[in-house]
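Student: I should like to learn how to read the features of a protein model. May we work through one together?

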Amino acid sequence: MGWGMRSLFKSLVILNKEIKPSVGMLYPRESETREVRSLDGLWNFVKSDPTNPTQGVRDRWFADDLSRVQETIPMPVPASYNDITTENELRDHVGTVWYDRKFFVPRSWADKQRVWLRFGSVHYEAFVYINGEMVVRHEMGHLPFEAEITNFLKFGEENRITVMCDNALIQTTVPQGKITEVSRDNGVAIVQTYSFDFFNYAGIHRSVHLYTTPLTYIEEMEITTDLSKDNNVGLVYYKVKTNGTAANEAENNLYVRIQLRNKEGKIVANETSNSDLKGVLEVQKVMPWWPYLMHPEPGYLYQMEVFLHGVNNVLHDVYRIKVGIRTLRWNNTSFTINSKPVYFRGFGRHEDSDIRGKGLDLALMTRDFNLLKWIGANAYRTSHYPYSEESMQFADENGIMIIDECPSVDTENFKQELLDKHKSSMEQLIHRDRNHPSVVMWSIANEPRTNQLNAGSYFQYVANYTRELDPSRPVTAAIAVPSSDDKAAKYLDIISFNRYNGWYSNSGRLDMITKRVIDEATTWFKKHNKPVIMSEYGADTVEGLHLLPSYVWSEEYQTELFSRHFRAFDTLRKESWFIGEFVWNFADFKTAQTVTRVGGNKKGIFTRNRQPKAVAHLLRQRYFALGREVDQCNFPEDLFTYIADVRPSRNAKHDTTDL
């Protein structure tokens with residue numbers, strides 16, 4: 001076999017390699033044994049020369065204040081940096097940028113404890129330095145990372161943190177992209193291209209925290225739940241992992257004491273573990289975690305208190321976490337929660353808004369959840385990357401189900417290095433979100449090119465690996481290729497498909513929607529004998545554009561297109577295997593500049609500043625109508641606007657066709 005053939009063969013063969021697991025990463029919470037400080041605020045910021053992105057590393061910009069390197073500008077953290085200034089060079093920057101700031105560490109933190117630095121997310125790759133020393137490197141936007149920095153700090157003095165962030169996407173990053181050099185009027189430009197349809201926002205997107213733990217501390221917790229005896233008894237299984245065992249104390253001397261409190265603060269279950277630090281709590285007269293509108297009190301959460309003890313019952317560490325008790329089941333025709341069938345009514349979404357881009361904004365997040373509940377949705381997909389931990393907690397509290405998606409979008413060119421990173425993204429996602437009751441499904445990709453060579457074995461590896469990490473939730477992926485060409489769906493538990501009838505296909509033809517949706521969903525089910533969800537449908541709409549008769553881009557067209565889909569869904573709902581409908585998109589969002597996008601993607605039923613388009617009111621009436629039929633919920637008082645009292649007159653004649 002010649003060298004060329006050997007190289008080709010090597011590129012075609014992908015192996016199911018071991019992935020290094022995540023450790024730690026518990027959300028920073030204060031307790032009797034832990035302190036938490038935020039480093040959010042205004043940081044100093046500079047961008048590198050796009051043609052020389054490694055200059056800062058070579059010239060050791062991390063060794064001193066960035067202001068001594070070049071002039072800095074203030075940059076808010078958390079936020080995307082792209083839209084903060086008025087410069088298109090920063091908005092479209094490709095390559096590295098640098099942040100730094102000063103902070104003090106109190107002397108008291110030096111006494112018999114550990115200090116940790118934690119980032120909620122940096123997109124895409126981060127290099128972090130404390131006082132000129134690298135403490136952690138992390139690749140994968142939208143996911144947290146941390147490092148113990150005790151030995152790098154000056155206690156009772158000023159310290160400096162420096163972060164280099166690289167937003168470049170290539171064929172082996174998740175998601176993928178390409179970097180090219182193109183000529184311009186005054187030289188060469190570095191251009192980032194990507195096929196996914198949202199803007200590649202970058203920067204320190206989520207909060208940065210310092211926190212302390214004792215020398216011996218709770219490192220990880222894994223919680224699973226179940227219900228028995230007609231949902232009257234709740235079972236909470238827990239596993240605790242510790243680290244940093246104190247000197248002269250063996251790990252087998254450690255144990256945990258667990259307490260579970262209800263919303264009123266009453267202890268409803270407790271247990272003391274053996275040295276294996278695992279066990280089960282039994283909750284009598286349990287209040288299960290229910291999705292929004294499926295129960296009068298959705299999103300019920302207990303608080304689990306974990307006390308880590310050692311020799312002579314010495315208390316080492318305390319950590320608290322919210323727990324929702326529920327059970328999931330699925331088969332080839334249904335998905336149930338707490339033994340009740342679920343019909344998903346939801347959205348694809350984006351973390352995206354004016355100015356802050358993909359940066360965490362608690363006011364915006366709260367508004368979004370208010371709108372989700374106003375419209376009667378019970379679910380959303382984290383398209384196309386993990387959302388903030390704060391949003392996951394909000395979903396837990398509000399009973400909103402989540403299909404949790406990793407950053408794999410438009411995946412193609414299935415090679416070994418990409419597979420390893422794809423699996424790592426799933427491992428990090430599951431490690432972070434496995435304890436959230438709102439997470440009911442894992443999505444391993446959005447619109448991957450599953451008709452390509454190697455796609456079958458590639459997604460078999462990813463799907464099976466996901467099940468190994470968490471067998472308690474089903475695995476799905478949003479597939480866009482036709483079922484006849486797809487090689488991945490047979491490895492999934494739930495079939496999700498995206499299709500834009502009346503928009504990307506047969507544009508303007510409202511009479512070519514309903515039957516096509518019914519036929520395609522039926523084809524997916526007949527081929528794979530698994531539950532089916534339509535995970536995306538929609539049409540771009542310019543707010544305030546009204547045309548009669550309806551015409552593409554108008555609010556009338558979006559409304560009629562949705563109505564034609566509703567007819568299809570109602571036909572499909574008669575088949576138990578069709579279990580959900582997800583609109584694309586919740587709100588308008590920014591994309592790369594193209595001539596087909598006027599300021600971004602306009603498929604939102606809400607504008608980018610979260611105001612409703614006409615279709616939002618139609619969708620609200622549908623979602624609540626489905627809620628009353630499927631879940632027996634009540635209508636909001638303002639769901640229907642009063643029009644007229646149309647009682648028949650005494651002399652009027654009517655027949656059975658009158659409504």
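This is a predicted model: local features need pLDDT of at least 70, side-chain atom pairs count only at pLDDT 80 or more; totals for chains, interfaces and linings use all residues.

Student: How many helices and strands does the protein chain have?

Tutor: The protein chain has 10 helices and 32 strands. Its radius of gyration is 26 Å, close to the 26 Å that the globule rule gives for 659 residues, so the chain is as compact as a globular protein of that length. Along the principal axes, the C-alpha atoms fill a box of roughly 95 × 75 × 60 Å.

Student: What share of the 659 residues is buried?

Tutor: A residue counts as buried when its relative accessible area is under 20%. By that cut-off, buried residues make up 57% of the 659 residues in the protein chain. The accessible surface comes to about 28,400 Å², and 50% of this surface belongs to carbon and sulfur atoms.

Student: Which part of the chain carries a domain annotation in UniProt?

Tutor: An unreviewed UniProt entry lists residues 36-214 as "domain: Glycosyl hydrolases family 2 sugar binding".

Student: How should I read the pairing of strands in a sheet?

Tutor: Strands of a sheet pair through backbone hydrogen bonds, either parallel or antiparallel. Strand 22 is joined to strand 23 (residues 335-337) by 3 bridges, and the bridge partner of R329 is T336 in strand 23.

Student: Which strands pair with strand 20?

Tutor: Strand 17 (residues 255-261) pairs with strand 20 in the antiparallel sense over 7 bridges, and I258 stands opposite V306 in strand 20. Strand 21 (residues 315-323) also runs antiparallel to strand 20, joined to it by 8 bridges. In this pair, F307 stands opposite V318 in strand 21. Strand 20 and strand 21 form a hairpin with 5 residues between them, and N312 in the turn has a positive phi of about 60 degrees.

Student: How many residues of strand 20 are buried?

Tutor: In strand 20 (residues 302-309), 7 of the 8 residues are buried, so the strand is largely enclosed by the rest of the structure.

Student: What span should the 18 residues of helix 6 have?

Tutor: At 1.5 Å a residue, helix 6 should span 26 Å, and its end C-alpha atoms are 26 Å apart, which agrees. Of its 18 residues, 17 are buried, so helix 6 is largely enclosed by the rest of the structure.

Student: Where is H436 found, and is it buried or exposed?

Tutor: H436 lies in the loop between helix 6 (416-433) and strand 28. H436 is buried, because its relative accessible area is 12%. Leaving aside neighbours within four places in sequence, H436 is in contact with R326, M392, Q393, D396 and R473.

Student: Where is the place of P448?

Tutor: P448 is in the loop between strand 28 (439-446) and helix 7 (455-469). With 2% relative accessibility, P448 counts as buried. D410 is 38 residues apart from P448 along the chain, yet their C-alpha atoms are separated by 4.5 Å. Not counting residues up to four places away in sequence, P448 touches D410, T411, F459, A478 and V481.

Terms used:
Residues are numbered from 1 along each chain as its sequence is written. Side-chain values use heavy atoms; hydrogens and water are left out. UniProt positions are given in the numbering used here, feature names are shortened, and annotations may be inferred rather than shown by experiment. Two strands pair if DSSP finds at least two bridges between them. Helices (H or I, at least four residues) and strands (E, at least two) are DSSP runs, numbered from the N terminus. The radius of gyration is taken over C-alpha atoms; the globule rule is 2.2 Å times the number of residues to the power 0.38. Buried means under 20% relative accessible area, exposed over 50%, partly exposed in between (1.4 Å probe, protein chains only). Accessible areas come from the Shrake-Rupley method with a 1.4 Å probe; for residues, only the protein chains shown count as cover. Contact means heavy atoms within 4.5 Å. The expected span of a helix is 1.5 Å times one less than its number of residues.
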